[in-house]
Amino acid sequence: PSCNKKVTGSGESWTCDNCNKTFPKCEKRYVARMALCDNSGTHYVQVFNDQAKKILKKSANEVNELMETDEKAFEQVFKDAIFKEYKFLVRAKRDEYNGQTRAKSVVLRLGEVDREAECEYLLGQIEEYRTKAKE
């Protein structure tokens, strides 16, 4: 469905829970839990379809097909995704579940790390700091 909502399988067709329309097939989408790691530790985040496709380099339909036909290739998709560097924009908010408060983090955007641009930005920040310190 164009609304990207959850569909329910019913025999040979799929029904959208939101708009109540029936479709002959569905497009699988990612809703994944991933661990982001750096030198400060590990943080678990939820990653949705667009960002997960960038990390795994395959659509959910392609990964599902591999899961059903080629177990080694399926596992390789995930092995190829580990220890890669990305720049993440993450939204974190407090969530209460069963009377306990916890942080829920969702990846909103990710991109490749541009080391040259990062260095230029940091050098600019250092220069700005030095200029303010002299005043």
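Which residues lie nearest the centre of the second largest pocket? They are Lys5, Val7, Cys26, Glu27 and Arg29, out of eleven lining residues. A pocket here is an open set of points on a 1 Å grid over the protein atoms alone, with protein on both sides within 12 Å along at least five of seven lines, where a 1.4 Å probe fits; lining residues have an atom within 4 Å of a point.

Before going on, a word on the source: this is a predicted model, where local features need pLDDT of at least 70, side-chain atom pairs count only at pLDDT 80 or more, and totals for chains, interfaces and linings use all residues. Residues are numbered from 1 along each chain as its sequence is written, and side-chain values use heavy atoms, with hydrogens and water left out.

Volumes are the space filled by probe spheres set on the grid points, which are joined across faces, edges and corners. Ala, Val, Leu, Ile, Met, Phe, Trp, Tyr, Cys and Pro count as nonpolar, Asp, Glu, Lys and Arg as charged, and the others, Gly among them, as polar.

| Pocket | Volume | Lining residues by class |
|---|---|---|
| Largest | about 690 Å³ | 14 nonpolar, four polar, three charged |

The largest pocket has 21 residues in its lining, and Ala35, Leu36, Cys37, Phe83 and Lys84 sit nearest its centre. Elements giving two or more residues to that lining are β4, β5, α1, α3 (71-81) and β6 (86-97); β4 supplies the largest share, six residues. Helices (H or I, at least four residues) and strands (E, at least two) are DSSP runs, numbered from the N terminus.

**Strands**

β4 (residues 31-38) and β5 (residues 41-48) run antiparallel and are joined by eight bridges. Two strands count as paired if DSSP finds at least two bridges between them. A two-residue hairpin takes β4 into β5, and Ala35, one of the residues nearest the centre of the largest pocket, has Tyr44 of β5 as its bridge partner.

Elsewhere, there's an open three-stranded sheet with the order β1-β2-β3 and antiparallel pairing. Its edge strands, β1 (7-10) and β3 (22-23), each pair on one side only.

**The core and its neighbours**

The largest nonpolar core has 17 residues, and Tyr30, Met34, Val47, Ile55 and Leu56 make the most contacts inside it. Such a core is a set of buried Ala, Val, Leu, Ile, Met, Phe, Trp, Tyr and Cys residues joined through side-chain atoms within 4.5 Å. Two or more residues each come from β4, β5, α1, α2 (60-69), α3 and β7 (100-112).

Take Val47, in strand β5. Val47 counts as buried because its relative accessibility is 1% (buried means under 20% relative accessible area, exposed over 50%, partly exposed in between, with a 1.4 Å probe and protein chains only). Not counting residues up to four places away in sequence, Val47 touches Tyr30, Val31, Ala32, Met34, Ala52, Ile55 and Val107, contact being heavy atoms within 4.5 Å. Val47 and Val107 are 60 residues apart in sequence, yet their C-alpha atoms are 5.4 Å apart.

Leu56 also reaches Tyr30, along with Val77, Phe78 and Ala81, again leaving aside neighbours within four places. Gln51, in helix α1 (residues 49-56), counts as buried because its relative accessibility is 12%. Beyond neighbours within four places, Gln51 contacts Val107, Leu108, Arg109 and Leu110.
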